[in-house]
Amino acid sequence: VAGVYQGVQNGTWYIERPWRGFYQVINRANNVIDRVTPLDFLTEEEKNAALGQAFFLRGYCYYEIGRWFGDAPIRTKSFDPATDSPDIARSPVADVFNQAASDLGTAATLLPVDYQSGDYDDGDRGRPTVPAAYGLQAKVFMHLAGAEVGEAGAYQKALTAAQAVTDLAATGFPALEANYMDVFNQASQDLGSELLFSIQ
């Protein structure tokens, strides 16, 4: 019947789509990471913004893969079909989360701190910033510390990452909305400073 989904109904389709999507983003991020640094037509700020976004998105994807699937393959370089196998072994979920935490930590050293610094301006709202990287890294560390992995030392790492977001707030971004309901105002919420990371 036209317009009606006729795929496999046992969940296979729903699992395959995000799995493939996350790894497509990871491969694209790896391409950026492997290829941006040598470019001589970009300024250092432009390179840092591109690399920071790539590390952030790769870290975000590994965080989601760890949450959704647990043990999973980790690929940290561009895929070359001539030399690389598409089939690599799954790594333990702890390694997946640690890769996410590492990528987010790297992103935090490269990204602008707000939408008025580095290579960013107000038109870049929706792109990751330093507070977004630390905020997501805190969540990753909480998963490492929780029942999934049980790495007790990760609690302190989560606290440190969350404290970095709080410390940055002293400079004006991120900042809580003066009026709580403004967070839900669709006309202005994308311009608010309370959201650490959101698609515009």
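How many salt bridges does a search of the whole structure find? Seven, and here a salt bridge is a side-chain nitrogen of Lys or Arg within 4 Å of a carboxyl oxygen of Asp or Glu.

First, some housekeeping, friends. What you see is a predicted model, so local features need pLDDT of at least 70, side-chain atom pairs count only at pLDDT 80 or more, and totals for chains, interfaces and linings use all residues. Residues are numbered from 1 along each chain as its sequence is written, and side-chain values use heavy atoms, with hydrogens and water left out.

Let's start with the overall picture. The protein has five helices and zero strands, and along the sequence the pattern reads α-α-α-α-α. Helices (H or I, at least four residues) and strands (E, at least two) are DSSP runs, numbered from the N terminus. The C-alpha trace spans about 50 × 45 × 45 Å along its principal axes.

Of the 200 residues in the protein, 40% are buried. On the scale used here, buried means under 20% relative accessible area, exposed means over 50%, and partly exposed is in between, with a 1.4 Å probe and protein chains only. The protein exposes about 11,300 Å², and carbon and sulfur atoms supply 55% of that area. Those accessible areas come from the Shrake-Rupley method with a 1.4 Å probe; for residues, only the protein chains shown count as cover.

As for contacts, take the ones in the protein between residues at least 6 apart in sequence: 58% of these join residues at least 24 apart. Contact means heavy atoms within 4.5 Å.

Now to charge. The protein carries 14 positive and 25 negative side chains, and the centres of the two sets lie 8 Å apart. Lys and Arg count as positive, Asp and Glu as negative, and His and the chain ends are not counted. Each charge is placed at NZ of Lys, CZ of Arg, CG of Asp or CD of Glu.

One joins the side chains of K77 and D84, at 3.0 Å from N to O. K77 is partly exposed, with a relative accessible area of 45%, whereas D84 is buried at 15%. Another pairs R127 with D124, where the closest N and O atoms are 2.8 Å apart. R127 counts as partly exposed at 36% relative accessibility, while D124 is buried at 12%. Then there is K157 with E151, whose closest N and O atoms are 3.9 Å apart. K157 is partly exposed at 39%, and E151 is partly exposed at 26%.

Where does S78 sit? You'll find S78 in the loop between α2 (44-69) and α3 (93-110). Is S78 buried or exposed? S78 is buried, because its relative accessible area is 10%. Setting aside residues up to four places away in sequence, S78 touches N27, N30, N31, D34, R35 and D84. The side chain of S78 makes a polar contact with the side chain of N31 at 2.9 Å, and another with the side chain of D34 at 2.7 Å. A polar contact is a pair of N or O atoms within 3.5 Å; within protein, one must be able to donate a hydrogen and the other to accept it, and residues adjacent in sequence count only if both atoms are side-chain atoms.

S85 is also in the loop between α2 and α3. At 39% relative accessibility, S85 counts as partly exposed. Beyond its neighbours within four places in sequence, S85 is in contact with R75 and F79. A polar atom of the S85 side chain lies 3.0 Å from the backbone nitrogen of D87. If you'd like to look across the model, S85 and M181 are 51 Å apart in space, C-alpha to C-alpha, and 96 residues apart in sequence.

Next, a stop in helix α3, the place of D103. D103 is buried, with a relative accessible area of 2%. Not counting residues up to four places away in sequence, D103 touches F55, R58, G59 and Y62.

One last thing to look at on the screen: the peptide bond from F173 to P174 is cis, with omega near 0°. P174 is in the segment after α5 (154-169). Thanks, everyone!
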